[in-house]
2 protein chains.
Amino acid sequence: MNYAAYFAGNREKHLAELKEWLAIPSISALSEHKEDVNRAAEWLVQTLERAGLENIKIHPTAGHPIVYADYLHAPGKPTILVYGHYDVQPVDPLHLWQSPPFEPEIRDNKLYARGATDDKGQLFLHLKAIEAILSQEQSLPVNIKVCIEGEEEISSANLHHFLGANRELLAADAVLISDTELLGPGRPSICTGLRGLCSLDISLRTANTDLHSGTYGGGVPNALHAMAELLASLHDKQGRVTVAGFYDDVPDLTAEMRAELARKGTDEEALRQRLGLSALFGEDGYTYVEQTGARPTLEINGMYGGFQGEGTKTVIPCEAHAKITCRLVGKQDPQDILDKITRHIENHAPVGAQVSVVQREKGNPFTIDTSLPILQKAANAYERIYGVRPVFTKDGGSIPIVEALSRELSADVVLMGFGLPTENLHAPNEHFHLENFDKGLLTIVEFLQTI
Amino acid sequence: MNYAAYFAGNREKHLAELKEWLAIPSISALSEHKEDVNRAAEWLVQTLERAGLENIKIHPTAGHPIVYADYLHAPGKPTILVYGHYDVQPVDPLHLWQSPPFEPEIRDNKLYARGATDDKGQLFLHLKAIEAILSQEQSLPVNIKVCIEGEEEISSANLHHFLGANRELLAADAVLISDTELLGPGRPSICTGLRGLCSLDISLRTANTDLHSGTYGGGVPNALHAMAELLASLHDKQGRVTVAGFYDDVPDLTAEMRAELARKGTDEEALRQRLGLSALFGEDGYTYVEQTGARPTLEINGMYGGFQGEGTKTVIPCEAHAKITCRLVGKQDPQDILDKITRHIENHAPVGAQVSVVQREKGNPFTIDTSLPILQKAANAYERIYGVRPVFTKDGGSIPIVEALSRELSADVVLMGFGLPTENLHAPNEHFHLENFDKGLLTIVEFLQTI
């Protein structure tokens, strides 16, 4: 069967379909987009039907729905659970987008839209690969289950519950996920590690109202000074997190681990230039690849308080807010880390400031053994389509559900990513390079046929 | 002439007029309110006409207009220039207002609205005092000029130009201003010192785009960490500003000055409780009255960057912003202080962060000698209406134009305030206690008749 010709012939139709999906602003974090998130799930139902899948069902949850489908007609063959997500990140700052985030546009063989690479675009490859095989061969070489959620960007809370309650429905030999990256154009990789995640919000209050900076200035605490001091206390000048016990469960990097990570071959100077940075900055004593793949982080994602308008407002603000996420590695436990940060914040509250913390998301770190047969088969499929063998890497990102899927289903996890590191996911001008759209379809077909 | 009866008989009418003016959202800092600022100026024209003033004119400027009027029919008598402003502060955070800021409402003998006390409400007293005397006596005991600007809350840049170009038009023996406070209910004061002001905006940039906190987290600078560190570097733990040379031109407090300031009799514990603070906080080694009256400050008025929405966004922000104002005393020069802060910010830019500074407003500190006859006459007028002699105080606020009026016109300045320290100026729920509306009218009439 000539799948290259098949996909070439259907390319325009497939891209038009994907654009339709990308036009739905399914931002899971913002409650005003709840209906859009639902529409993105409903859009999937038709697409799964068109692919030929069976038992399609939208499972409502306490949050956004989970879409399930399967095709279980390959007795004796392994069962592969395809997982992905149809929700997307928020889009601000909107003014930095060159084309509107929900008006998909192809420029220079790249498809621009929020969700283009994370994860609608990548997930779409699986749906079209399955549709291709079924339409061309009227059967699939393996048993397929599909489970697509709408809360990956807000930590998959309801999929965690669903997974616990539906182990049999989702039971599989392996989970197949495309939500990670190539190393660069033509340089495939298979991710064998993901950092865990936890998040929290800090609020801080001083007086019971904003105060005039002339009348009161100099004699009362300022919530913004207090927040700046508190946030600055979370790292030292060497980029190390200063929260007591933060590194307790982080494994030391052996020479062997450092060598494996170095094979990724990151050009730090080229990276610095591409990002427009005057300097890279991270924890002293580690390379960039180690800092982002094998070391934990604590990042402020948002910080705000006081007057943000034009001009000047001579006010002493009484409230300040910050949002923080951590990436975790090794045996770090998200709840333990959240508790340690909460203690730090309480212990470092500046004079006159009352702090409060809301603990939010939690996801464990994940790793998988590179010698497993299914990982080697995935590597073979990449090699056949891309012409080079993929590198096994550790990704700095988090897909908290990956560790849960692996643990709850006792399944291997194949992280077969087709994004590029330059595709601005979670940022303005997110896009998906269509070279990997085309090669991704063929790689997935190849993989499914050779498991 | 029984002015108490006159004002009692006209009270409802006067309050209705004032409410009409307060309903105009003349926020000078926000360009979308430019038309409202104009409307507030035009409203004044009718009111000045009704008062019986002459030569009423709206003088356009490069910014918001200046309203002038006079009544010069008392040869041989002093000329008094009444100064005030018809612009108001922004209103955010709007959700903390109990009634909308531009829908004036009287509750418990207090008039709630943005501008109620700062400065429309206080300025209005002069217009009605003049109207009262003219209507009752068909003449004024002094020559009166009125100069009302629309840019006091954004540093009076165009009034400074206007003043330089119109020294003759504005020439006066004394300037009379009501834009300051009583010490408390029934405790009048005359302000004999105002702090100077300067302001600047800081922007900070790291990468050329926001970055995914998983992919890049740990290896690149975060604009919010950098801003928190930079802002935290501006003070030490003892509340002292750490900018090199910041205190160079601040006079040491003598035992005499400390004794004079202490006469204000501030109850620090009551103040702390009223503001809902767990603790007051200021520069070590000074009392609250000294900190707010005789020491300079550096306050962050706004700070923002990254995600401010609901939920979590796993992003490394590439931009952060802060707004800063300083209050100055003694011989501190606003431009010198702005330059010193700018140097500090440039010298303390964290690794990987590019900082930029926009210098904004500048106003000199002001002081006046308490033994001047006109100040003693103002004290007499207060004493006759309030029954107690006012205290001479130093106010922590800034009316940068006061020092300029005094210097350019070689005029004394009488700061005859009728606000209360609890009236939330520059904050939600600004209001004006009507006890001082009533007594203020009588005090001004008394003062004008006895100069």
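Visitor: How are copies superposed here?
Guide: By least squares on the C-alpha atoms of residues with pLDDT of at least 70 in both copies. This is a predicted model, in which local features need pLDDT of at least 70, side-chain atom pairs count only at pLDDT 80 or more, and totals for chains, interfaces and linings use all residues. Residues are numbered from 1 along each chain as its sequence is written, and chains are lettered from A and ligands numbered from 1 in the order in which they are written.

Visitor: What rotation superposes chain B on chain A?
Guide: One of 180°, with 0.0 Å of shift along its axis and an RMSD of 0.0 Å. The two copies are thus related as by a two-fold rotation axis.

Visitor: How many residues are in contact?
Guide: 82 of chain B with 82 of chain A, contact meaning C-beta atoms, placed from the backbone, within 7 Å.

Visitor: Which element of chain B gives the most to that side?
Guide: β11(B), with nine residues; strands are DSSP runs of E, at least two residues, and helices runs of H or I, at least four, numbered from the N terminus.

Visitor: In what sense do β11 of chain A and β11(B) pair?
Guide: Antiparallel, over five bridges; pairing takes at least two DSSP bridges. Gly302(A) has Gly306(B) as its bridge partner.

Visitor: New topic. At what angle do α12 and α14 of chain B pack?
Guide: About 135°, with the axes 9 Å apart; axes are lines fitted to C-alpha atoms, for helices over the stretch in contact, and angles run from 0 to 180 degrees between N-to-C directions.

Key. Contact = placed C-beta atoms within 7 Å.
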